[in-house]
Amino acid sequence: MNVIEFTNVWKKFKVGRKFNSLRDTIPKLFRGPGIKKGELKENEFWALQDVSFNVKKGDVVGIIGPNGAGKSTILKLLFKILAPNKGKISIDGNVSGLIEVTAGFHPELTGRENVYLNGTIIGMRKKEIDKKFDEIVEFSGIGEFIDTPVKRYSSGMFARLGFSVVAHMDPDILLVDEVLAVGDMAFQAKCSQKMRELLNSGATIVLVSHNLTLVQNLCKRVILLEKGSILKTGAPEEIIRDYQDIVYKKSEAELKKQLNVPDYKVQINKDTLVKILDVSFCDGEYKNKESFNIDEPISIQFGYDAKEIIENPTFSLDIIRADGVLCCSSNTKDNGYLIEQINNKGMIKIDLGNINLAPGIYLIKLSIWDKDMIHPYAIRKKDIFRIETAKFGNGATPVFLPEIEWGSLNKIEKGF
Amino acid sequence: MTNSSLLKGHAVMFEELFRYRDLLWMLTLRDIKIRYKQAVMGFLWALFMPAIAVLAGILVKTAISIVSGKALNVADALSISVKVLPWTFFISAIKFSVQSLVGNKDLVTKIYFPREVLPLSSIFACLFDFIIASIALTIILTIFRIGISIYILYIPLALVFLILLTIGLGLFLSSANLFYRDIKYVVEIIFTFGIFFTPVFYDADIFGKYKIFLLLNPIGSILETINSAVILHQMPDMFWFAYAGVFSTSVFIFGFFIFHKQEPLFAENI
């Protein structure tokens, strides 16, 4: 049985903020004919285009997608806060969300009064709250402060109390937006415990999150959104891989665009003594490519063109991750590779071997320095390579994924 | 939408509103508590605005009596009080409800519940003030031995009309103010001068045959009905009383209809 049915749902939004006033609207009434329902006026865009999906009772469905794909719009439609422009949404059962939960709090009222107020706002009956009140207070850890006006609460207490109310509602359909990060470790443990309880209780859950580990662990089915339409629906492993591809391609394109800004090309010396040219990446078999698997050896080749003789130059390499983290660097001087002089054109090769960088996009910075690395002759920072996601690891993003072996040391344990 | 599905839509709306009655109660309680919690005057607050208005009314009436040469009696002063209370309830309820959606922006954009409860709770909180003030007024009327007549039985119905009118107008104006923020100012201007166009400080009868224009304003006919029944011990003018009833009920239905129709658009236009 479907508890949520989205049938060809379209939703449009206005770009920018438009303040309405009677003064502006009354003249507008006398102007030309209106625009039909399904068309866009200027400053409007489709946030969702022809989105259809069903959720069965007891399903745990994840919705992922890059920023601006329409995830929050779907959530708001499910919450009935927004209404679609076209299409039909039917929802069977009461919906609750582990979302922004302090919206109904009033600072002048006490914790107790706010629990009742917020509880009824999310659709609980007063009797229901009476029954669960002690549990809610216990869960929040507010204790004796429950009769203090919430304006005197710390922001942590505020959020904890808000979450506790929502957590004690028994919804048929639960919407979870992002992972809750309120309170200290102990409170978060309580939250995940509550979440697990809800999962086991057979509630239908729709999870919108950037935390891919959570999505993978909890969801049976994942919907991938991009630019307002459903790209794909399927098992988490498959969809998450596609999603990461999209994200990487997007950030790669952004990075490239950024690097093409002329500022980056400015050379240190105006009369460029030496230039770095033709940077290329190769795998173990010296085939040119830009994307590598995680366990492939990588080497970099580049050419230089020196107009004059440069004595004892030092070549340097930095590998920088897309988010700006310097992952590793190396130079010929420290490496003990001495170059007596360069003149005219030449090629340099750098073997990184099995560097085991984690999947992601990396930028390399190549530079040529004088002997003591005081003064750079040339810097080039615009070449990108990519490590593909061969398989999906955990949510954290380490720099390196070296092969690590685990084992047990039973013997020593016995010795203790 | 066909007629029957429209009716069904409204049945669902009232059913939902009924399910959220605890919320309506809690929000009303919130509005009352906040008003009284940090106020020095506490419950006297409910009497303050009507008391000032009554004083203003007595001043106006004294001026009229000087001009006309008729002496001012106690019944005249009491008649002002009886009319001022419903009037102050009406204007403060509308003022609060106009702001109720825009003022609770966080709730409107984040959580679903029937939005009708927001203007309704503002109105009910003002109704609480009205009840407090009415109790005080009843005591005063007893002290001055104004007496009671059979016509007092019209009062509950008159108050129902007043409340229906207030709810209908409050719902309509609160949703209108969400789309057009200058509605609030229009309402304020109308209310600032509204008391001159409504028979609060004077009786409609002093205008003779032109009193129709004052009674066409449903608040005017309701106030005259209340005055007849409580102070004058007369049968209220049935024509104008019925007129007020029909008008108020129509405004009530119209307000709910417009509000419900616009409700899905609130979150993105607020």
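Guide: A residue is called buried if 20 or more other C-beta atoms lie within 10 Å of its own, and exposed if 12 or fewer do. The model before us is a predicted one.

Visitor: In which order do the strands of the open sheet of three strands in chain A stand?
Guide: The pairing in this sheet is antiparallel. Its edge strands are β2 (44–56) and β4 (86–91) of chain A, each of which pairs on one side only. Neighbouring strands are turned by 20° against each other on average, direction ignored. The order is β2-β1-β4.

Visitor: Which residue stands opposite E5(A) in β4(A)?
Guide: Strand β1 of chain A covers residues 2–14. It pairs with β4(A) in the antiparallel sense, over five bridges. In β4(A), the residue opposite E5(A) is S90(A).

Visitor: Which helix lies across β1, β2 and β4 of chain A?
Guide: The helix in question covers residues 71–78 of chain A. It runs at about 120° to β1(A). Its name is α2.

Visitor: Why is one side of β5 and of β9 of chain A left without a neighbour in the sheet?
Guide: Six strands form an open sheet of mixed pairing in the order β5-β6-β7-β3-β8-β9 (chain A). Strands of a sheet pair through backbone hydrogen bonds, either parallel or antiparallel. In chain A, β5 (95–98) and β9 (229–234) stand at the edges, so each has a single partner strand.

Visitor: What is the bridge partner of I63(A) in β8(A)?
Guide: Strand β3 of chain A spans residues 60–64, and strand β8 of chain A spans residues 221–226. The two pair in the parallel sense over four bridges. Within β8(A), the bridge partner of I63(A) is I223(A).

Visitor: How many bridges join strand β13 to strand β16 of chain A?
Guide: Strand β13 comprises residues 314–321, and strand β16 comprises residues 360–369. They run antiparallel, and R321(A) stands opposite Y362(A) in β16(A). The number of bridges joining β13 to β16 of chain A is eight.

Visitor: Which residue takes a positive phi in the hairpin of β13(A) and β14(A)?
Guide: Five bridges join β13(A) to strand β14 (residues 326–331) of chain A, the two running antiparallel. In β14(A), S329(A) is the bridge partner of D318(A). The hairpin has four residues between the strands, and a positive phi near 95° is taken by G324(A).

Visitor: How far apart do the C-alpha centres of the two domains of chain A lie?
Guide: The domain assignment gives domain 1 as 2–16 + 33–247 of chain A, and domain 2 as 263–387. Between the C-alpha centres of these domains the distance is 47 Å.

Visitor: Which element gives the most to the side of chain A that touches chain B?
Guide: In all, 26 residues of chain A are in contact with 23 residues of chain B. The elements that give two or more residues to this side of chain A are α1 (22–29) and α3 (111–121). By class, the side has 13 nonpolar, seven polar and six charged residues. With four residues, the element that gives the most is α3(A).

Visitor: What radius of gyration does chain B have?
Guide: Chain B has 12 helices and zero strands, and its C-alpha atoms fill a box of roughly 60 × 45 × 35 Å, taken along the principal axes. Of its 270 residues, 41% count as buried. With 270 residues, a compact globule would have a radius of gyration near 18 Å; in agreement with this, chain B has 20 Å.

Note on methods. Residues are numbered from 1 along each chain as its sequence is written. Chains are lettered from A and ligands numbered from 1 in the order in which they are written. This is a predicted model: local features need pLDDT of at least 70, side-chain atom pairs count only at pLDDT 80 or more; totals for chains, interfaces and linings use all residues. Domain bounds come from an automatic or database domain assignment. Two residues are in contact if their C-beta atoms, placed from the backbone, lie within 7 Å. Ala, Val, Leu, Ile, Met, Phe, Trp, Tyr, Cys and Pro count as nonpolar, Asp, Glu, Lys and Arg as charged, and the others, Gly among them, as polar. Two strands pair if DSSP finds at least two bridges between them. Axes are lines fitted to C-alpha atoms, for helices over the stretch in contact, and angles run from 0 to 180 degrees between N-to-C directions. The radius of gyration is taken over C-alpha atoms; the globule rule is 2.2 Å times the number of residues to the power 0.38.
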